[in-house]
Amino acid sequence: MIAIVAAGGLAAALSTAAGLLLVISSSVAHDLIKKMIKPNISEKGELMAARLSAVVAVCVAGYFRIYPPDFVAASVAIAFGLAAASFF
């Protein structure tokens, strides 16, 4: 039973990460590049920009995973502390 709950939690985390990555890449490609930087970009160019921005987002997230800044760790600790305190 514990394995099923753990698998569900992992599936939810991966689904959330995939959704956020999709939002980041499409917003950079469509909203930033197509609307502001290069309005006459082709669909193929927009797709390439989305893929490149997804790779950059993954690299930045990986960098912050390896070398987390202090303020992020502190804010996550406070958030989890408040969430845990709300249970009791």
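The model is predicted, so local features need pLDDT of at least 70 and side-chain atom pairs count only at pLDDT 80 or more, while totals for chains, interfaces and linings use all residues. Residues are numbered from 1 along each chain as its sequence is written, and side-chain values use heavy atoms, with hydrogens and water left out.

**Confidence**

- The protein averages a pLDDT of 88, and 99% of the residues score at least 70; pLDDT is the predictor's confidence in each residue, from 0 to 100.
- Confidence is highest in H2, at a mean of 91, and lowest in helix H3 (residues 70-86), at 82.
- Helices here are DSSP runs (H or I, at least four residues), numbered from the N terminus.

**Helix H2**

- The 24 residues of H2 should span 34 Å at 1.5 Å a residue, and its end C-alpha atoms are 35 Å apart, which agrees; the expected span is 1.5 Å times one less than the number of residues.
- Buried residues of H2 are Glu-46, Ala-49, Ala-50, Ser-53, Ala-54 and Ala-57, where buried means under 20% relative accessible area, exposed over 50% and partly exposed in between (1.4 Å probe, protein chains only).
- An α-helix has 3.6 residues a turn, so residues three or four places apart point the same way.
- The buried residues of H2 pack against helix H1 (2-37).

**Residues in H2**

- Gly-45 is found in helix H2 (residues 43-66) and counts as partly exposed because its relative accessibility is 25%.
- The C-alpha atoms of Gly-45 and Val-23 are separated by 18 Å, with the two residues 22 apart along the chain.
- Glu-46, also placed in helix H2, has a relative accessible area of 16% and is therefore buried.
- Leaving out residues up to four places away in sequence, Glu-46 touches Ala-29, His-30, Lys-34 and Ile-41, where contact means heavy atoms within 4.5 Å.
- Glu-46 and Lys-34 are twelve residues apart in sequence, and their C-alpha atoms are 7.2 Å apart in space.
- Ser-53 lies in helix H2 and is buried because its relative accessible area is 11%.
- Beyond its neighbours within four places in sequence, Ser-53 is in contact with Ile-24, Ser-25 and Val-28.

**A residue in H1**

- Ala-6 belongs to helix H1 and is partly exposed, with a relative accessible area of 48%.
- Ala-6 and Tyr-63 are 57 residues apart along the chain, and 26 Å separates their C-alpha atoms.

**The largest pocket**

- The largest pocket holds about 240 Å³ of space; on a 1 Å grid over the protein atoms alone, a pocket is an open set of points where a 1.4 Å probe fits, with protein on both sides within 12 Å along at least five of seven lines, and lining residues have an atom within 4 Å of a point.
- Grid points are joined across faces, edges and corners, and the volume is the space filled by probe spheres set on the points.
- Its lining consists of Ala-13, Thr-16, Ala-17, Leu-20, Leu-21, Ile-24, Ala-57, Val-58 and Ala-61.
- H1 gives the largest share of this lining, six residues, and H1 and H2 each supply at least two.
- The lining has eight nonpolar residues, one polar and no charged; Ala, Val, Leu, Ile, Met, Phe, Trp, Tyr, Cys and Pro count as nonpolar, Asp, Glu, Lys and Arg as charged, and the others, Gly among them, as polar.
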